[in-house]
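Please examine the sequence and the structure shown below before reading the report.

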Amino acid sequence: MLKGKKIVLGITGSIAAYKACYIIRGLVKRGAEVQVVITPAGKEFITPITLSALTSKPVISEFFAQRDGTWNSHVDLGLWADAMLIAPATAATIGKMANGIADNMLITTYLSAKAPVFVAPAMDLDMYAHPSTQANLDTLRSYGNHIIEPGTGFLASHLEGKGRMEEPENIIRVLDEFFPSSCDLAGKKILITAGPTYEKIDPVRFIGNYSSGKMGFALAEECAGRGAEVVLVTGPVQMQTHHSRIRRIDVESAAGMAEEAQRHFREADAGILCAAVADFTPETMADHKIKREKEDLVLRLKPTQDIAATLGQMKNGRQKLVGFALETNDERHNAQSKLERKNFDFIVLNSLNDAGAGFRCDTNKISIIDRQGNTDYPLKPKTEVAQDIIDRLVEELR
């Protein structure tokens, strides 16, 4: 949330400097206060009067104001800001930042900044890919700066192969997401599983289910929006993640999901097991498409690894584990039994008997069950259901 945030926007000598106008408009629209600091080279590409009109503040470029000789304090600017964004950031400026070459107002402000710094590189592809530029970017990362890589729209850590500056709307989104709507999960790491798993019969056929991943993805966005770092392990779905604090890991089978879930649960504060994982998988997978040569086909199935039970055994005293139960009969008894067997802290029950709940729906109707009882919720959009579930998780983590 950018409302009320103070942002120092550094502009350097790049053809992409004109995009700073769109960045300013987007930041101001979201309620941020913007102070522009521009390099001498930057003024060759965009005029300070244009920037001043958009920010309603004088643009700072020199240590002393030309009009009346007022000293512009880079130290005060660094203390004033809630965040500093340098966009566009040229190779020259990135090199100066990495090596502490304080020869202009922008670099001295950067060196004085106490707030988080975001850098959006903008340059020719060959310049961007050059080892010296990449080394300087790595140095900035090691200093704790956030590099908004060209062409990604997320906080990236590797070369994507594009030299242009990231689009203004994506830069704004990264900043907006950095300041969570609430901080009740700040500093927490949450593992979430989502979607179905596909268990292969042959190269073109599989055993699967109807899970769309909507509930799990809504939970991931909700956790990230509250400040958590999220690892989302998802089966094959068409859904997309949006928040930069979500690390998405795509898997196909129950075995693949089990491996990733165990790996990341060790460092997690909580796990939310929302995926519809196959209970059985074929004993063997044919290496070629099975032809229809007889009237029947017998498949021998074996149990998959029980991810929930495994994580329940792994869980230590500080970790919380949330399960899901999708039932068609004797719902509460089955959910309560699963809660005990899997060592969940609470379980989310939904029934295929409820209209608008279950697979492929945008809504859900749930009950949250723990060892003390249950709480029923009305039918809601899955985004609101996610809020209810995470509200309860926050209580457990306190």
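Predicted model: local features only at pLDDT ≥ 70, side-chain atom pairs only at ≥ 80, totals over all residues.

Residues are numbered from 1 along each chain as its sequence is written, and side-chain values use heavy atoms, with hydrogens and water left out.

A salt bridge is a side-chain nitrogen of Lys or Arg within 4 Å of a carboxyl oxygen of Asp or Glu. The whole structure contains 26 salt bridges, including those in the table.

| Salt bridge | Closest N to O distance |
|---|---|
| Arg-226 and Asp-184 | 3.2 Å |
| Asp-388 and Lys-380 | 2.6 Å |

Accessibility is described by relative accessible area: buried means under 20%, exposed over 50%, and partly exposed in between (1.4 Å probe, protein chains only). Both Asp-388 and Lys-380 are buried. Arg-226 is buried at 7%, whereas Asp-184 is partly exposed at 32%. Salt bridges with shared partners join Asp-184, Glu-222, Arg-226 and Asp-391 into one network. Lys-214 is partly exposed at 23%, while Asp-362 is exposed at 55%.

Thr-193 belongs to strand S6 (residues 189-194); strands (E, at least two residues) are DSSP runs, numbered from the N terminus. Is Thr-193 buried or exposed? Thr-193 counts as buried because its relative accessibility is 3%. Its contacts (heavy atoms within 4.5 Å), not counting residues up to four places away in sequence, include Val-233, Met-257 and Ile-272.

Definitions and conventions
Helix = DSSP H or I, 4+ residues; strand = E, 2+ residues; numbered from the N terminus.
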